[in-house]
Amino acid sequence: MSPKRQKQKPRLMRIITALFVVALLVTAIPRTIEVIRLEQKRDALLAEQQELAALVEQRQAQLELTEDPEYIEKMAREQLGMIKAGERPLMKAVPQE
């Protein structure tokens, strides 16, 4: 083999290796970006899921309150101004100026 061919082989190997690395980067970088984007979206959705689960718990507790006779009576008195039989209604006095 001539010395010229021996010098060309390592150069050819470097070119092939460089092309392989470039091809690898061209395919890997967009996929990596997509993976990062999807992980961020997953994290946002998990946070939203936790918020919604807390809201469901809160609504469930409110729903259970509506079945409590004491709560129903309290709301009837406060919001509707209802009184029990035999009770006298009290009115708040507003001072006149």
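The protein exposes about 9,800 Å², and carbon and sulfur atoms supply 61% of that area, where accessible areas come from the Shrake-Rupley method with a 1.4 Å probe and, for residues, only the protein chains shown count as cover. Please keep in mind that this is a predicted model, in which local features need pLDDT of at least 70 and side-chain atom pairs count only at pLDDT 80 or more, while totals for chains, interfaces and linings use all residues. Residues are numbered from 1 along each chain as its sequence is written, and side-chain values use heavy atoms, with hydrogens and water left out.

Buried residues make up 2% of the 97 residues, buried meaning under 20% relative accessible area, exposed over 50%, and partly exposed in between, with a 1.4 Å probe and protein chains only.

Let me turn to the salt bridges, of which the structure holds four; the term means a side-chain nitrogen of Lys or Arg within 4 Å of a carboxyl oxygen of Asp or Glu. One of them joins D43 and R42, at 3.2 Å from N to O, and D43 is partly exposed at 42% relative accessibility.

Which residues are linked in a network of salt bridges? They are E73, R77 and K84. R77 pairs with E73, their closest N and O atoms being 3.1 Å apart, and E73 also meets K84 at 3.4 Å, N to O. This second pair links distant parts of the chain, as E73 and K84 are 11 residues apart.

Terms used. Helices (H or I, at least four residues) and strands (E, at least two) are DSSP runs, numbered from the N terminus.
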